[in-house]
Amino acid sequence: MEKFTTFTGIAVPLKRSNVDTDQIIPAVYLKRITKTGFEDALFASWRNDPEFVLNDPAYKHGSVLVAGPDFGTGSSREHAVWALRDYGFKAVLSSKFADIFKGNSGKQGLIAGEITDEDTEKLWDAILSNPGVEITIDLVHRTATLGDLTVEFSIDEYTRWRLLEGLDDIGLTLRDESSITDFESRRPNWMPKTLPALGAK
Amino acid sequence: MTKTNLTLAEKVWNDHVVVKGENGAPDLLFIDLHLLHEVTSPQAFDGLRLAGRQVRRPDLTIATEDHNTPTVDIDKPIADPTSRTQIEALRHNAKEFGIRIHSLGDIEQGIVHVVGPQLGLTMPGITVVCGDSHTSTHGAFGALALGIGTSEVEHVLATQTLPLKPFKTMAINVEGKLRAGVTSKDIILAVIAKIGTGGGQGYVLEYRGSAIRDLSMEARMTICNMSIEAGARAGMVAPDQTTYDYLKGRVHAPEGTDWDDAVRYWDSLATDSGAEFDAEVFLDANTLDPFVTWGTNPGQGVSLNDVVPFPDSFTDPNEKAAAVRALEYMDLVAGTKMKDIKVDTVFLGSCTNSRIEDLRAAAAILKGRTKAENVRMLVVPGSARVRLEAEHEGLDKIFLDFGAEWRFAGCSMCLGMNPDQLAPGERAASTSNRNFEGRQGKGARTHLVSPLVAAATAIRGTLSAPADLEEN
């Protein structure tokens with residue numbers, strides 16, 4: 001994973017609450033078996049509406065989404081993060097994220113920064129008064145800066161460290177492999193076991 | 001400082017810590033059971049291949065096909081080439097990595113959250129994960145069951161562990177006795193309406209109280225299933241005799257002294273009397289009505305005896321705006337009686353309500369009655385085994401005589417990844433879990449209901465409770 005320190009790009013106001021992952025990427029796009037190429041699927045249904053924010057030329061090349069509360073609720077589909085990433089988004093700011101979405105973002109290097117409802121309103125006002133304006137996401141200082149306006153966002157310390165270092169989770173866990181083996185040797189016998197694959201030796 | 005009085009969730013958590021996280025790092029937890037399906041796993045297997053990694057514990061992993069599978073003509077090749085490709089990818093991956101798979105046509109094929117419990121793989125006190133948010137279902141057994149993303153699926157495949165941050169705990173206390181016609185689906189819809197779709201965020205919910213104790217395992221699974229709709233990471237019910245009676249004798253359930261050891265451990269899991277929850281919610285079962293949704297998120301629900309709410313009745317500006325938008329999408333006028341809402345389709349199925357008990361409850365109402373004209377009813381059992389069991393009991397005949405379609409097992413119209421979709425503008429009473437815009441088909445409108453309300457609605461053609469049938 002690439003290291004993330006700061007990023008500057010066009011801010012997009014998404015003035016909706018409860019943006020669930022079915023809206024971020026409808027289920028019909030989940031049939032692909034690749035991990036990239038989901039840019040066309042992002043907000044696919046809403047993009048049919050000419051009034052939708054990403055259809056506004058000012059925001060078309062947006063890369064920082066400022067959304068209402070309860071962003072990423074519903075399905076666990078990581079495709080939602082892939083679609084945002086493939087479209088070009090590097091960060092989403094909201095006052096509340098669904099847990100699974102937040103976790104998935106951290107795995108893919110998409111910043112899910114939590115800001116207050118008050119700061120969400122301030123950012124929306126600032127963006128709407130100057131459509132296409134750029135915003136700087138600074139992960140080192142946990143700030144989002146748009147012109148004179150700087151707001152702080154929160155992101156859990158461990159995720160922040162991993163993103164700053166560009167570290168891969170599996171690699172980190174495998175450093176503890178001997179602890180896993182040790183734990184496995186202590187598991188009680190009644191624990192569930194599946195059957196071997198058919199045709200396996 | 002170590003707490004002496006612990007909740008159910010904390011006990012299961014503590015017993016699975018492989019490495020305790022320090023300085024803000026998450027704990028590394030061992031995963032006892034990993035369930036796979038075709039939609040969220042192909043990219044995880046690709047990741048393993050790219051890194052030259054193996055599946056660490058194929059013996060703790062099981063796969064089935066559910067999201068994409070057709071519910072008719074299952075003996076023929078899957079018509080949609082992209083669905084077929086995804087299912088073939090799962091079959092290929094299971095073979096390459098030595099994982100047991102229950103494919104379409106197999107007696108154990110079905111919705112992953114119906115299959116795990118049915119096989120007896122889901123047990124109290126274990127950790128369960130699956131790349132599907134409704135993994136919370138398995139919490140009904142007192143398991144800590146988490147929905148995860150594809151990167152985490154890859155992580156579990158490679159290491160059989162997950163780094164997880166501790167959760168907060170919330171008690172959902174439901175005391176009293178449910179009235180006739182009121183079910184566990186109504187409890188959970190009422191809970192979500194009360195705490196909101198983000199109310200459980202960061203929490204593991206524990207459902208407690210006399211009303212929960214009285215519920216069957218199927219009914220508990222319905223409640224835990226929709227914990228995610230309240231934003232929670234998981235939902236749990238402490239194991240008791242009901243749990244043990246359900247488990248005993250199932251294919252993968254422990255036997256002999258293993259069973260005795262297991263029960264001794266399971267009996268120790270209930271939340272200690274002095275344990276404190278980070279939050280508590282109370283719901284009175286005695287006064288609960290059948291609950292249905294009117295909007296486009298599962299928190300937008302009311303009693304079936306109520307009316308479509310007025311947006312101005314919400315004080316929170318976000319909720320008010322969401323209500324305005326939802327009414328427009330749902331094509332509803334505030335003040336309309338919920339019972340006056342006409343539906344086009346009734347869907348009985350999904351990991352929320354497709355178990356044998358759900359089918360029995362609906363069939364008991366439909367038996368000898370006539371379907372409303374112009375209403376289509378789709379009955380999709382949760383697994384091939386549930387389908388067979390239902391046929392053995394003659395339920396299929398009741399559904400078919402009533403005029404419903406009797407399908408093969410899968411996720412079906414809950415999310416419409418297969419051809420089972422609503423047409424634009426169509427309105428459904430659905431026993432599934434999400435009423436999001438476009439969830440059941442582009443432009444489709446969904447009202448979430450219990451199997452009993454689904455059955456009564458199919459008879460009357462408008463959202464109805466079983467009690468409404470007796471009045472006629």
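**Figure 1. Five strands of chain B form an open sheet.** Their order is 5-4-3-6-7, and the pairing is parallel. Strands here are DSSP runs of E with at least two residues, helices are runs of H or I with at least four, and both are numbered from the N terminus. Two strands pair if DSSP finds at least two bridges between them. Strand 5 (100-102) and strand 7 (144-147) of chain B are the edge strands, each pairing on one side only. This is a predicted model: local features need pLDDT of at least 70, side-chain atom pairs count only at pLDDT 80 or more, and totals for chains, interfaces and linings use all residues. Residues are numbered from 1 along each chain as its sequence is written, while chains are lettered from A and ligands numbered from 1 in the order in which they are written.

**Figure 2. Strand 6 (residues 127-130) of chain B runs parallel to strand 7 of chain B.** Four bridges join the two strands. B:Val128 stands opposite B:Ala145 in strand 7 of chain B. Strands of a sheet pair through backbone hydrogen bonds, either parallel or antiparallel.

**Figure 3. The largest nonpolar core has 156 residues.** Such a core is a set of buried Ala, Val, Leu, Ile, Met, Phe, Trp, Tyr and Cys residues joined through C-beta atoms within 7 Å. A residue is buried if 20 or more other C-beta atoms lie within 10 Å of its own, exposed if 12 or fewer, and partly exposed in between; C-beta atoms are placed from the backbone. B:Val346 and B:Val453 have the most contacts inside this core. A second, separate core has 44 residues, including A:Ile24 and A:Phe101.

**Figure 4. Helix 13 (residues 384-392) of chain B has buried residues.** They are B:Ala384, B:Arg385, B:Val386, B:Arg387 and B:Ala390. Their cover includes helix 4 (112-119), helix 12 (356-366) and helix 14 (395-402) of chain B. Just after helix 13 of chain B, B:Gly394 takes a positive phi of about 80 degrees.

**Figure 5. Chain A touches chain B.** 52 residues of chain A are in contact with 72 residues of chain B. Contact means C-beta atoms, placed from the backbone, within 7 Å. Helix 3 of chain A gives the most to the side of chain A that touches chain B, with six residues.

**Figure 6. Chain A has seven helices and seven strands.** Its C-alpha trace spans about 65 × 40 × 25 Å along its principal axes. Of its 201 residues, 45% count as buried.

Notes:
Two residues are in contact if their C-beta atoms, placed from the backbone, lie within 7 Å.
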